[in-house]
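Subject: Structure handover

Hi,

Here is the structure I promised to pass on. Please open it next to this email and follow along.

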Amino acid sequence: MARFVAVNKDVKASTAVFAGVNNALIAGGASAEAQAGALEQLVQAYSRGRFEGEEWKSVNTAMTLAISETAKALGYVSASGLQDALSEGK
């Protein structure tokens, strides 16, 4: 969580982001190793402000259902639409 705070300077927001990500990773059912790798990749992308291919692949693999549901909630037809937006820094 400290790495999220370092990026956005907001402890409350970072706590909420971390809790949501953590729950999505757990719900994804991937191995603990895959979850840890996805979290690291997510933090790197968050710090940079956009996703790159390998980061997206790692996160999507660890929490496929959550990514699909997040995409729908944000108005994207599919996870690939969300991927495009995140890659562009939106």
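Below is what turned up in it, topic by topic.

This is a predicted model: local features need pLDDT of at least 70, side-chain atom pairs count only at pLDDT 80 or more, and totals for chains, interfaces and linings use all residues. Residues are numbered from 1 along each chain as its sequence is written, and side-chain values use heavy atoms, leaving out hydrogens and water.

**The core**

Start with the largest nonpolar core, which has 18 residues. Such a core is a set of buried Ala, Val, Leu, Ile, Met, Phe, Trp, Tyr and Cys residues joined through side-chain atoms within 4.5 Å. Buried means under 20% relative accessible area, exposed over 50%, and partly exposed in between (1.4 Å probe, protein chains only). L25, L42, F51, W56, V59, M63 and I67 touch the most other members. Helices α2, α3 (32-48), α4, α5 and α6 each give two or more residues to this core. The largest share, 4 residues, comes from α3. Helices here are DSSP runs (H or I, at least four residues), numbered from the N terminus.

M63 is worth a click. Leaving aside residues up to four places away in sequence, M63 touches V21, A24, L25 and G28. Contact means heavy atoms within 4.5 Å.

**Aromatic rings**

How many aromatic pairs does a search of the whole structure find? It finds 3. Rings of Phe, Tyr and Trp (its six-membered ring) pair if their centres lie within 6.5 Å; planes under 30 degrees apart are stacked, over 60 edge-to-face, and the rest tilted. The ring centres of F51 and W56 are 5.9 Å apart and the planes stand at 80 degrees, so this pair is edge-to-face. Both F51 and W56 are buried. Elsewhere, ring pairs link F4, F18 and Y46 into a cluster.

**Helix α6**

In α6 (residues 79-87), A79, L82 and A85 are buried. Seen down the helix axis, the buried residues fall within an arc of 120 degrees, so they line one face of α6. The arc uses the directions from the axis to the C-beta atoms. Their cover includes α4 (53-62) and α5 (64-73).

**Two single residues**

K9 sits in the loop between α1 (2-8) and α2 (11-28). K9 is not a glycine, yet its phi is positive, about 60 degrees. Most residues other than glycine have a negative phi. K9 is exposed, at 67% relative accessible area.

S14 lies in α2. Is S14 buried or exposed? S14 counts as buried, because its relative accessibility is 0%.

Best wishes
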